[in-house]
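Please open the model in a viewer and keep the selection tool at hand. The stops below proceed from one selection to the next.

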Amino acid sequence: MAYAYETYPHTASAPAPRKKASAVWVLIYVLIFCWIIVGGIVVFRQYAIQVDQPYVAPPAPRANAAGGPILPDATPGAESNVPVVPQTPVKIYFEEPHKIVCDLFPVGIASDNSIEVRPSATEGGWYKFGASPGDPGNAIISGHNSLKGKKGTFSVLKVLNPGDRIAIEFENGEFRFFEVMQRDTYKLKQFPAEMLETDGESRMTLITCLGDWDQSIKTSASRVVAVCKELPGTRILPEAK
């Protein structure tokens, strides 16, 4: 027996326009790419140490047979009657392996009775009411770990080690050389008060912040401190360069 089949017209739905879908994916890819670029810039600004000037090594220190330079009218082994005129430090060099240099500026006391800080992430502040580096007393120099999303030059303090060398250049062209003796990290509430004392034996104290900004105290919660001592017999006087 023969069967008759009734046929029906094929009514498949029309495909979605491919051009419109492709344009949407292109837009998504572009947005992802831009997000990656912006994120990379933010990370670089946060974690790459910012410097305003290329590193140029300071002059090599030169020791002499007397164990160091002798100021005019000074007698070895005796106290000099010549008053010590503090010199203003103008640059700090974090020597190899760090190879970082930044400018220093005199700072005083802020309105909240703390040591003033410089307005730039790439500058350091020398506390002008303390000692000058290498003179009797405590020379205090501070700088930013980060500022406004930029990694500060003094973030290098976090990776300093005992034995690392630091040079200070003064406005008169003199250079003095120091060695890191110790590096410590303190919570702000446990910060030793003696670190900010300006008298006592000759030393240089470098300070920077550590940690995220704490809005309740208007600063970071920790401090990194490196205490340095001058290397004897390495000072370079202006006329000796």
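Is glutamate 123 buried or exposed? Select glutamate 123: its relative accessible area is 16%, so the residue is buried (buried means under 20% relative accessible area, exposed over 50%, and partly exposed in between, with a 1.4 Å probe and protein chains only).

Before continuing, note that this is a predicted model, in which local features need pLDDT of at least 70 and side-chain atom pairs count only at pLDDT 80 or more, while totals for chains, interfaces and linings use all residues. Residues are numbered from 1 along each chain as its sequence is written, and side-chain values use heavy atoms, with hydrogens and water left out.

**Stop 1: arginine 118**

Glutamate 123 and arginine 118 form a salt bridge, with 2.9 Å between the closest N and O atoms (a salt bridge is a side-chain nitrogen of Lys or Arg within 4 Å of a carboxyl oxygen of Asp or Glu). Arginine 118 has 22% relative accessibility and therefore counts as partly exposed. Next, display phenylalanine 105: the charged end of arginine 118 sits over its ring, 4.2 Å from the centre (this requires NZ of Lys or CZ of Arg within 6 Å of the ring centre and within 35 degrees of the ring normal).

**Stop 2: the barrel**

Switch to a cartoon view. Eight strands form a closed barrel in the order 1-2-3-4-9-10-8-7, with mixed pairing (strands are DSSP runs of E, at least two residues, numbered from the N terminus; two strands pair if DSSP finds at least two bridges between them). From one strand to the next, the twist averages 35 degrees (axes are lines fitted to C-alpha atoms, and angles run from 0 to 180 degrees between N-to-C directions).

Select residues 165–170 and 175–187. These are strand 7 and strand 8, which run antiparallel and are joined by five bridges. Isoleucine 168 stands opposite arginine 176 of strand 8.

**Stop 3: salt bridges**

Move to glutamate 201 and lysine 229, whose closest N and O atoms lie 3.5 Å apart in another salt bridge. Glutamate 201 lies in the loop between strand 8 and strand 9, and lysine 229 in strand 10, 28 residues apart. Glutamate 201 is exposed because its relative accessible area is 52%, whereas lysine 229, at 27%, is partly exposed. The structure holds six salt bridges.

**Stop 4: aromatic pairs**

The structure holds four aromatic pairs (ring centres of Phe, Tyr or Trp, the last by its six-membered ring, within 6.5 Å; planes under 30 degrees apart count as stacked, over 60 as edge-to-face and the rest as tilted). Select phenylalanine 94 and phenylalanine 154, an edge-to-face pair at 5.7 Å centre to centre with 90 degrees between the planes. Phenylalanine 94 is in strand 1 and phenylalanine 154 in the loop between strand 6 and strand 7, 60 residues apart. Both phenylalanine 94 and phenylalanine 154 are buried.

**Stop 5: serine 142**

Select serine 142 in strand 4. At 16% relative accessibility, serine 142 counts as buried. Beyond its neighbours within four places in sequence, serine 142 is in contact with Glu116, Gly124, Gly125, Phe154 and Ile207 (contact means heavy atoms within 4.5 Å).

How values were computed: Helices (H or I, at least four residues) and strands (E, at least two) are DSSP runs, numbered from the N terminus.
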